[in-house]
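Me: I would like to learn how to read a structure like this one. Please take me through a few features.

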Amino acid sequence: MAIAIALILIVIGSVIFHFWSPWTMTELASNWGTIDDTMLITLIITGIVFIAVNFFIAFAVLKFRHKEGRQARYEPENKKLEVWLTVATSVGIIAMLAPGLVVYADFVEVPDEAMEVEVVGQQWSWSFRFPGEDGKLGKTAVEHISIDNPFGLDPLDENGLDDRLVQGNHLYLPLNKPVKVLLRSKDVLHDFYVPQFRVKMDMVPGTVSYLWFEPTLIGQFEILCAEFCGIGHFNMRGKVDVVSAQDFDTWLSEQTTFSASLRKNQSEALSVLAQNGKEVAQAKGCLACHNFMDSSIGPTWQGLYGKTQEMVDGSQVEVDDAYLTEAILQPGTKVVKGFAPIMPQIVLTELEVNAVIAYIKEKGGVSGQVSGSASLSGAELAQSKGCLACHSVDGTNLLGPSWQGLYGKARTLASGETITVDEAYLAESIYQPNAKIVEGFPAVMPPPSASQEEVSAIIDYIKTL
Amino acid sequence: MDHEHDMHEPQSFWTKYVWSQDHKVIAIQYSVIAIFVGFIALILSGLMRLQLGFPGSFDFIDPSAYYQFVTMHGMIMVIYLLTALFLGGFGNYLIPLMVGARDMVFPFVNMLSVWFYLLAVIVLLASFFVPGGPTGAGWTLYPPQAILAGTPGSDWGIILMLVSLAIFIVAATMGGLNYVTTVLQARTRGMTLMRMPLTVWGIFMATILALLAFPALFVSAVMMLFDKLLGTSFFMPAILSMGQQLDHEGGSPILFQHLFWFFGHPEVYIVALPAFGIVSDLISTHARKNIFGYRMMVWAIVIIGVLSFVVWAHHMYVSGMNPYFGYFFATTTLIIAVPTAIKVYNWVLTLWQGNIRLNVPMLFAIGFVSTFTIGGLTGLFLGNVVIDLPLSDTYFVVAHFHMVMGVSPILVVFGAIYHWYPKMTGRMMHDGMGKVHFWGTFLGTYAIYFPMHYLGILGVPRRYFAYENYDFIPDSAKDLNAMISVMAIFVALMQLVFLYNLVWSYFKGKESGDNPWQATSLEWQTEHTPPRHGNWGKEIPVCHRWAYDYSVPGFEQDFLPQNFEGKKAEVSS
């Protein structure tokens, strides 16, 4: 009895809820109104079945509940009824599936006139790439990804030279132009999802997936990640602005091309030998303890060459090829004062040693002069490098400590030690993110893809907050 | 056969209750372990809901912990509770009794099965105590993320999870071979396949699915372990992790998803088919009416079982697999709705012109039909590939699968426990507490999951630790989340009533007699309640009719037990 009333109330309540609910679809901003229509067809058919089944149970319980002397009817089968129900169900299924597959065919077949844009995902930020005037995107591969080439473009592929590169989680698209979105991931699975565009698709490392849509509404929309990608998943934010074709063209022309970014890097270009040295230094782990910033575990390489250093035993040594060779091949013999004799003996060929020395000389310089120019402000860098995905500037702690009021503050580390946040600590935290973790935060920050000047700019920015 | 029962009656406490080879004891061991881990998973869901409903109010729930709760909740509920309880618990208890056998055909292997299951549970729970804690990769454990930094528990937790799954699969295989062989080989005289209760049919078919589907999970677990421990690249392409290039090359993350869902979709039916079978018997018994369309019900179980192997990629419409697969999998997925719908019709038509006794098991059965209908119908949205594009990975999916394979099978589990508890213990469970439990659980879960679909339609993505500062999510959605959390905690607390009832009734429940529900199937016709070792006395029963002779015209009493040798009353064709 109560169950019959409960079922009737559930049905009535559900229908009222459906029409009263403020939680409905977001305003459509793409051509995929047909998906909404397909959903409506399914909603109507399934809604009818939902109401019918529950009402039928309620009615049966009311009418046939146990009474003294009632005898249930003995009817094992009723072929006619069963066939009729099977046919009716099949018709309902076809009515839902057929329009669904027709719309799906539109989704799978991308219109020829669609423009291409590549969306690249990484934990936990977005970047974007447009083909240049040749209309072709250059080839990419994970092995090409580096600080100087975050998109991993193949430098030998001419198609890629004029590609426009957009870092910083902010995409612009022109109104009323179909766009084929090519999806790529550098690390784990992600999913490009803008609720107002309706369609979404996973981004899978090792392969390129796609989707297409045509923006139909001017405005700014949020980009979300819809495939779990680790603990920063919920905070992998981006923005897409749909603007007029003219505004879009203006915006796009302001974006750096791949060749321009290569040229910029060439201004601090290294000789072939030094380039090899950089690879050796990376591969053999030198850069874990030595960098071109402030000294950390080992002495800094910035301006090291030619400098006179005081050793642990008090002697003075000028850093030249001979000293560096000795220091690399026999690490314990002449240790700079203030550093622990912990460098392991690393087996290197003579050529490799020379290459590393060339790298130290060319990159660190003798006079410590700064090369290149930081064209972006610290605030812009913090946005484009994805720092702000985890560090807020308004005091809320996300995955990482907030930057508001951070500078000069005393913080307790996970090790229990207390430190004051100064430039040295910030630099170390950026270059070796997981060396000194503030208590209560997970050790998940990736090492930087930022140049020395960029890091300084970011630190200057943090100081102002 | 009847006379060669040399029973080797167990003598000591140890052989009777611990190292027991009696299917009934093993069933209870399985059930107790499953319910125990189920409660851990329930608590984890409460913790998740605390964060979602009241974000930031609980300091100990950080993103890592949240994702660990999500992962362990999902995995425990699907594998270690539902699969283990339906097959190891109900399958073990009911199959021999319902087909008229003295025990499973391989009792020793059956005993090994439960101990391997316990070992799997211990390894799983151990991951809470290792450095880094349990894995937080989501229950689907998708690589590359599952084994890389940036995901909680990617050092120890994931390894223990994979090892535990492998052990569980060994346990499930040993049990499964037993159930299938027992059904095929140990039925009593007269118990033809088309006379078996639908409970046995459901569990039988589910076990076949398990034997065919679990190997896919087993190999994917082993391959992922190799990727993690030996540096192989089954699922790992050339990628970066935290900015560093890894040595992997050439693997495919999507391959893992295919293997996982080749297991994962049949898994849905490994849980659903036993529920289908059991609920058919509950409805028929308590409506005092034969199940409507028995043969259709059997064929629907078989067809659903077969089709469940060709729908897996509907979990992967937006995975980046070749989009042309979508046509095929959308079609097969919607076809499977036809036999499923027929089952729903036959349940409700069984009620029609019945003599419905609204006992607690019947209430749960009706609750199942209602919630399963919602879960099934929302599946038609997600299965229809193009509608999945907006709804996939949102709360619509969460609401859908909780209705269809969380709430509705659990309602059957409860109904079944209230129904068979008298046979297991000789005592009835307390009726009043049972009703309180039913109403709290049924209405509570409706209040949780019905509105949750609308969060998904709005577009709220799942597996988010927090939803701060997303402009498209209105503030009212936060109120809704808070309401859902309150209801979730309420439903969780209602389960304490059930636990209390289980224990209280064991000591104080009303004595039930052999056949309190006046049911026809053989387990109610034992000489003793609870049945002793060997189940039947000197003679095993002979089956003379199907399991649904309720209210047969021309008989005084409204049920004819399957071993009743009277006028033939079969399905007339």
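Me: What should I know before I start?

Reply: This is a predicted model: local features need pLDDT of at least 70, side-chain atom pairs count only at pLDDT 80 or more, and totals for chains, interfaces and linings use all residues. Residues are numbered from 1 along each chain as its sequence is written, with chains lettered from A and ligands numbered from 1 in the order in which they are written.

Me: How do I read the angle between H7(B) and H8(B)?

Reply: Axes are lines fitted to C-alpha atoms, for helices over the stretch in contact, and angles run from 0 to 180 degrees between N-to-C directions. Over 145 degrees counts as roughly antiparallel. Helix H7 (residues 253–287) and helix H8 (residues 294–307) of chain B cross at roughly 175 degrees, their axes coming within 11 Å. That makes H7(B) roughly antiparallel to H8(B).

Me: Which residues of the two helices meet?

Reply: H7(B) brings Tyr269(B), Leu273(B), Phe276(B) and Ser280(B). H8(B) brings Met297(B), Ile301(B), Ile304(B) and Gly305(B).

Me: Is Phe69(B) buried or exposed?

Reply: A residue is buried if 20 or more other C-beta atoms lie within 10 Å of its own, and exposed if 12 or fewer. Phe69(B) has 23 C-beta neighbours inside 10 Å, so Phe69(B) counts as buried. Leaving aside neighbours within four places in sequence, Phe69(B) is in contact with Leu44(B), Leu47(B) and Met48(B).

Definitions and conventions:
Helix = DSSP H or I, 4+ residues; strand = E, 2+ residues; numbered from the N terminus. Parallel < 35°, antiparallel > 145°, perpendicular 65-115°, else oblique. Contact = placed C-beta atoms within 7 Å.
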